[in-house]
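Hi,

Here is the structure I promised to pass on. Have a look at it first, then read my notes below.

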Amino acid sequence: MSASRTPLLDQVTSPAELRALPDDKLQQLADELRAETIDAVSVTGGHLGAGLGVVELTVALHHVFETPNDRLIWDVGHQCYPHKILTGRRDRIRTLRQGGGLSGFTRRVESEYDPFGAAHSSTSISAGLGMAVARDLSGDQRNIVCVIGDGAMSAGMAYEAMNNAGAMDSRLIVILNDNDMSIAPPTGAMSAYLARLISGRTYLSLRELGKQLSRHMPKFVERGAQRAEEFARGFWTGGTLFEEMGFYYVGPIDGHNLEHLLPVLRNVRDAKAGPILVHVVTQKGKGYAPAERSADKYHGVVKFDVVTGTQVKAKSNAPSYTRVFAESLISEARRDPKVVAITAAMPSGTGLDLFGQAYPERTFDVGIAEQHAVTFAAGLAAEGYKPFCALYSTFLQRAYDQVVHDVAIQGLPVRFAIDRAGLVGADGATHAGAFDVAFLACIPGLTIMAPSDEAELTHMVATAVAHDEGPIAFRFPRGEGVGVERPDRGEILPIGRGRVVREGSDVALVSLGTRLAPCLAAADRLAALGRSATVVDARFAKPLDRDLLLRLAREHGVLITVEEGSIGGFGSQVLHLLSEAGALDRGLKVRSMVLPDLFLDQDTPDRQIALAGLNADAIAAKALALLGMTEARTPVPRRA
């Protein structure tokens, strides 16, 4: 029997066992942890680069702090795989992002070592401050440690939290994981020495003594002494910004050097000061050559070969909806110089990396700042440009006030390209675009479209370019299209008009978006049982095609709306229209098929759709039940 490749890691099943190891064994543990992380993600896919960049930091944090009593909060959660391995979940690490397996993010119900769920960025300091205040109110002594990346620090929420924490002077430790911004000078022995010096008790005690002495002097002397001390440390360390916000700054230090990390973390653990920020410089993808060479440092990967780094990507005959959007927007921008594009730190995820290659001067990545992105787009629209604000559905939620106040009330023609609408498979509930139609359709003057295939998406991009009467949004899913032929140029669709794809007489199936294909398949099954179905591609969730819907209500005994969105969306709008028009008084049976009223766990896309009761089988069963032919047997999804 061959020896284990991870002999030391095999002995560590909890942070308590990790804390029992001597310091000189921790680098070996980190090396084995990195190898285990690479091997696990090669099987499951997921977020690899970020986790590899914090292996030594993860080991050091669990070694120095008494987790789970001390709270360790990971911002975003992309980097949490090594943390999961060290906190009793190694035996399940190869179920990451799989149905019934571990979440790809931190999750409170999964482990006591995950004190706060994180999948959207820039939340850790706010949550940590809340926990710190709760600790103080309860008279406890635990440490609160927040790990936040430099990218997440571009979000206003992070600065709001830091400003609040600095003003409250509550004991809180923030680790700034700097792996991209290059906001620090090169790290080395001198910077490590300075970090140890200024985080030590002696320096902190002298600093506090100086503060107390200066308080007995005139105010201008007190303030001058404080500024002199901050300037002296800021000159050497670069932390003046954080000092101005009330944080005691330590760093920068090499996040891969345990001899540098451990003494600094122990110093800040034992300090009785207020909020402290430790600036750690790391390398994303560290220790795995294919990731280090890759432009995105293997941020998100599918299954791959560990030796070569080659990712196993299934071949497809159809492009992704994201690519169709990007190529359609490039085509429109070629003809219209007023078309510009905005993303919030997701250029490749939204396809705007392609647009940026074609029109770099008309592409704007504003960082993780969705609120700013929307109002920035509003400013462009106010000056006659045609901004396309490309955001994931789940991230657009963060900018709702800006959509209402800065865009809709002013009637500005901002174009919202809403990617990842509907269920998203392995990324689970935190990234599912379930609510966009519901929260947008209630806003006056906002037009909402949803394409049923790639050709329709091309038409909707063209329609959005031509639409100058208020804001307009179009939502499309993650993944590949259905393989239809795409037009050379999109057509401008008549606003608020759907299309009848198949005529029938017994049942009307009205689909919004990509549920059209399952509706057609359900219609085929009904036809085999002697029932005729009309199938409609609604195209618009708002405004509704009033004339078409009222005709369907008159000519059919059953009308079913189908959408990959929550209650309160397209189906609710249709029900309201039919109710107000008196169509329900004539005995029409109307049902809305929507996502269930719960958060669905990660799983394969097909399995999620089946659990949600939105596949062809469920649609056909619903229609047959309403026709009195059989009992509906819609699958009941499990609770998250």
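A quick definition before we start: a strand is a run of at least two residues that DSSP labels E, and strands are numbered from the N terminus. Also keep in mind that this is a predicted model.

Let's begin with the sheet. Seven strands make up an open sheet, in the order E7-E6-E8-E9-E11-E10-E15, and their pairing is mixed. Strand E7 (363-365) and strand E15 (540-542) sit at the edges with a single partner strand each, so one side of each has no neighbour in the sheet. From one strand to the next, the twist averages 20°.

Strand E6 (residues 339-343) pairs with E7 in the parallel sense, over three bridges. If you want a spot to look at, find Ala341, which stands opposite Thr363 in E7. Helix H17 (residues 370-382) packs on the sheet, where it touches E6, E7, strand E8 (386-392) and strand E9 (415-419). The direction of H17 makes about 165° with that of E8.

The other thing I looked at comes from a record: an unreviewed UniProt entry annotates Asp150 and Asn179 as "binding site". They are spread over 30 residues of sequence yet cluster in space, with a largest C-alpha distance of 6.9 Å.

Is Asp150 buried or exposed? Its relative accessibility is 4%, and buried means under 20%, so Asp150 counts as buried. You'll find Asp150 in the loop between strand E2 (144-149) and helix H7 (156-168).

Asn179 is partly exposed, at 26%, and lies in the loop between strand E3 (173-178) and helix H8 (189-199). Beyond its neighbours within four places in sequence, Asn179 contacts Asp150, Thr282 and Lys284.

Cheers

Note on methods: Residues are numbered from 1 along each chain as its sequence is written. This is a predicted model: local features need pLDDT of at least 70, side-chain atom pairs count only at pLDDT 80 or more; totals for chains, interfaces and linings use all residues. Side-chain values use heavy atoms; hydrogens and water are left out. Two strands pair if DSSP finds at least two bridges between them. Helices (H or I, at least four residues) and strands (E, at least two) are DSSP runs, numbered from the N terminus. Axes are lines fitted to C-alpha atoms, for helices over the stretch in contact, and angles run from 0 to 180 degrees between N-to-C directions. Contact means heavy atoms within 4.5 Å. UniProt positions are given in the numbering used here, feature names are shortened, and annotations may be inferred rather than shown by experiment. Buried means under 20% relative accessible area, exposed over 50%, partly exposed in between (1.4 Å probe, protein chains only).
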